Amino acid sequence: MMKMISAVIILALVGVSTADSVECYSGCSIFTKFKMGDEDMLVTLSNETQCDASTKKTCASGEACNTLTLTMSAKMTVEVDGTNVTSDVDATAVYSECGAAYEMTDAICAEFSAGYEEAINADDEASFTDFELDCGSNDACTEDCLISGAGRNVIPATFVLIAALIARLV
């Protein structure tokens, strides 16, 4: 009888301890839309539509899996066979990160925008102009928070943008 009571108590405690845990692909960004001009190029980003397994974690107690849908647009110029080629790029990405829940503000969005713009401008093989980022709102998720299945290798997004443009032009 005592063993049965102990087992019930252990199961109850396990249930309580996992009830507050939130699984999240923390620090993962995946593309859900990627267009160059009028052409849908999402298929060229197959490695960028799932999170790397190494980013899956259980958020700390009291944290949420903050999930943002970011809509970006820019003009990208690359050199192809000695000629500069410019294309409109429109992309939507979902980003998730463990942390304290928050409301999206203009100041927070400006930080995201500055970070993304700095990252794309660090690329020597392409130049970007007219960069715009719409941050939408933050979903401070507390259950069923995984934004994708695992399975990709982490590849720099600007490399993927350039490769997709070159593949389209060749």
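Visitor: In this predicted model, how far apart are the sulfur atoms of Cys-28 and Cys-51?

Guide: A pair of cysteine sulfur atoms counts as a disulfide within 2.5 Å. Cys-28 and Cys-51 form such a bond, with a sulfur separation of 2.1 Å.

Visitor: Which handedness does the disulfide of Cys-28 and Cys-51 have?

Guide: Handedness here follows from the torsion about the S-S bond. For Cys-28 and Cys-51 that torsion is about -95°, so the disulfide is left-handed.

Visitor: How many residues apart in sequence are the parts that Cys-28 and Cys-51 tie together?

Guide: Cys-28 belongs to strand S2 (residues 28-36). Cys-51 lies in the loop between strand S3 (39-40) and strand S4 (56-58), so the parts tied together are 23 residues apart in sequence.

Visitor: Is the disulfide of Cys-109 and Cys-135 left-handed or right-handed?

Guide: The sulfur atoms of Cys-109 and Cys-135 are 2.1 Å apart, and the two residues form a disulfide. Its S-S torsion is about 85°, so the bond is right-handed.

Visitor: Is Cys-109 buried or exposed?

Guide: Buried requires under 20% relative accessible area. Cys-109 has 15% relative accessibility, so the residue counts as buried.

Visitor: What is the torsion about the S-S bond of Cys-141 and Cys-145?

Guide: Cys-141 and Cys-145 form a disulfide, with sulfur atoms 2.2 Å apart, and both residues are buried. The bond is left-handed because its torsion is about -95°.

Visitor: Which pattern do the disulfides of the protein follow?

Guide: The count comes to five disulfides. With bonded cysteines counted along the chain, the pattern is 1-5, 2-3, 4-6, 7-8, 9-10.

Technical notes. Residues are numbered from 1 along each chain as its sequence is written. This is a predicted model: local features need pLDDT of at least 70, side-chain atom pairs count only at pLDDT 80 or more; totals for chains, interfaces and linings use all residues. Side-chain values use heavy atoms; hydrogens and water are left out. Helices (H or I, at least four residues) and strands (E, at least two) are DSSP runs, numbered from the N terminus. Buried means under 20% relative accessible area, exposed over 50%, partly exposed in between (1.4 Å probe, protein chains only).
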